[in-house]
Amino acid sequence: MQVTETLSDGLKREFQVVLPASELEKRLGDELATLKDRVRINGFRPGKVPVAHLRRLYGRSVMAEVVQNAVAEAERKIVDENALKLANQPRYEFPEDKDEMEKALDAKTDLAFKVALEVLPAFELADLSDVAVTKPVAEVSDAEVQEGLDRMAAQTKPFEPKGEDAAADEGDRVVVDFVGSIDGEEFEGGKGEGVTVEIGSGTFIPGFEEQLKGAKAGEDRTVVVTFPEAYPAQHLAGKEASFAVTVKEIQAPGEVTLDDEFAKTYGMESLDALKDALRGAVQKDFDAQSRRKVKKELLDRLDEKYAFELPPTLVDQEFQSVWQQVMADMQRSGKSFADEGTTEEEAKVEYRKIAERRVRLGLVLAQIGEKNEIKVSDDEVTQGLIERARQYPGQERQVWEFYQKNPQALAEIRAPLFEEKVVDHILSEVKVDEKTVSREELFADEEEESASPTASAETAEPAKSDEA
């Protein structure tokens with residue numbers, strides 16, 4: 001096998017591979033000789049089938065395996081002899097001339113093909129001794145615990161029928177039947193019977209609940225509302241609808257006493273135990289947000305430290321992933337690029353920069369992890385898979401089996417675990433200053449970003465990297 005480098009341009013490499021006809025013939029013969037001892041053909045004793053007969057029967061299929069093995073061998077040879085780290089799977093180009101390819105498959109001429117690939121960039125790890133990041137830290141206050149208890153109480157408060165001829169007011173529940181129409185025509189999904197509407201909950205279309213104030217059992221009302229522009233059902237978004245509503249019952253909220261008995265409805269022994277559990281859950285959210293913030297600042301500092309050529313294909317793949325997320329977010333929100341103060345072309349430029357940042361940071365984290373021999377154990381992957389399966393109640397077994405049977409999918413479990421371990425390692429080596437903040441300060445940026453349909457793409461974390 002002859003391998004010749006024909007192109008070396010930045011991170012792009014191309015090689016010409018030639019497998020002489022004589023070598024093809026030899027490899028085919030060796031494979032057929034091995035096959036002779038395995039196949040059973042009528043009229044021939046085991047191991048006595050003439051190779052020429054086997055070639056007539058299986059020559060093409062065996063030659064296909066020979067070529068496949070030659071391709072794998074060429075890749076190993078190229079990588080090993082040139083000490084390359086591939087950025088992605090190589091691309092193979094075989095002769096377009098059909099007759100030429102047929103002759104090669106018959107071992108009557110040399111097999112020549114091209115291998116095109118991209119390699120990972122070589123770069124030195126930066127000195128991080130001057131890096132300092134701030135970790136915001138928030139403690140859960142008694143007031144926040146009480147707010148949580150109040151929300152739990154509001155979700156479980158009992159409702160009792162109001163007295164006869166009583167009118168619905170803020171906080172009451174109204175049981176209704178309704179039929180919706182647009183321009184006099186009923187629309188799909190606009191009909192309901194025995195539906196409970198809590199006035200002031202904000203769970204219905206804006207304006208619907210408010211127009212039920214003062215209603216009494218047995219009363220018919222017409223409620224006119226306009227569907228939001230970002231309404232999920234596109235055929236209703238932004239349109240005015242009229243609902244013929246029949247009020248069946250008015251219910252008033254009862255009181256909930258926050259005591260040990262209330263706590264027992266949540267499986268806790270006492271109110272104090274429920275408060276402790278609630279405090280722990282809120283603190284876990286605070287700690288996770290604190291981690292997100294310090295990690296983002298660390299990634300910002302890392303990004304400032306590096307500038308090197310990126311594999312174009314990796315950037316393209318990451319951009320496509322980012323762009324699909326952007327488009328999905330905008331479709332859900334019902335907003336356009338104009339609403340965001342930009343154009344599609346300008347947005348693509350910005351999101352390509354985000355894709356480049358993600359790829360660059362992914363490569364940096366991978367190299368840091370490799371240098372420091374950071375590994376993700378099989379037990380850690382198993383625990384991560386268990387956590388992933390728990391996200392799909394009732395489908396745990398199917399999720400488990402899917403990942404176990406798909407190594408590439410399982411890598412999606414391993415990669416973020418590896419990334420977090422590398423981030424932990426870096427944080428242990430740089431200066432981390434803790435700053436006590438309020439809950440509002442801790443979540444301020446996140447709440448601002450959530451107003452944008454593209455916020456999730458703009459976080460610009462690294463492309464998920466596994467051990468290099």
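How are helix 7 and helix 8 oriented to each other? The model is predicted, so local features need pLDDT of at least 70 and side-chain atom pairs count only at pLDDT 80 or more, while totals for chains, interfaces and linings use all residues. Residues are numbered from 1 along each chain as its sequence is written, and side-chain values use heavy atoms, without hydrogens and water.

Helix 7 (residues 312-333) and helix 8 (residues 344-371) have axes that come within 8 Å and cross at roughly 125 degrees. Axes are lines fitted to C-alpha atoms, for helices over the stretch in contact, with angles from 0 to 180 degrees between N-to-C directions. The two helices are therefore oblique to each other, the class left after roughly parallel (under 35 degrees), roughly antiparallel (over 145) and roughly perpendicular (65 to 115). Helices (H or I, at least four residues) and strands (E, at least two) are DSSP runs numbered from the N terminus.

On the side of helix 7, the contact (heavy atoms within 4.5 Å) includes Leu314, Phe319 and Trp323. The contact residues divide into 10 nonpolar, no polar and 7 charged; Asp, Glu, Lys and Arg count as charged, Ala, Val, Leu, Ile, Met, Phe, Trp, Tyr, Cys and Pro as nonpolar, and the others, Gly among them, as polar.

Elsewhere, 4 strands form an open antiparallel sheet in the order 1-2-4-3. Strand 1 (2-9) and strand 3 (91-93) are its edges, each pairing on one side only; pairing requires at least two DSSP bridges between two strands. Strand 1 and strand 2 (residues 12-19) pair over 7 bridges, and Val3 has Val17 of strand 2 as its bridge partner.
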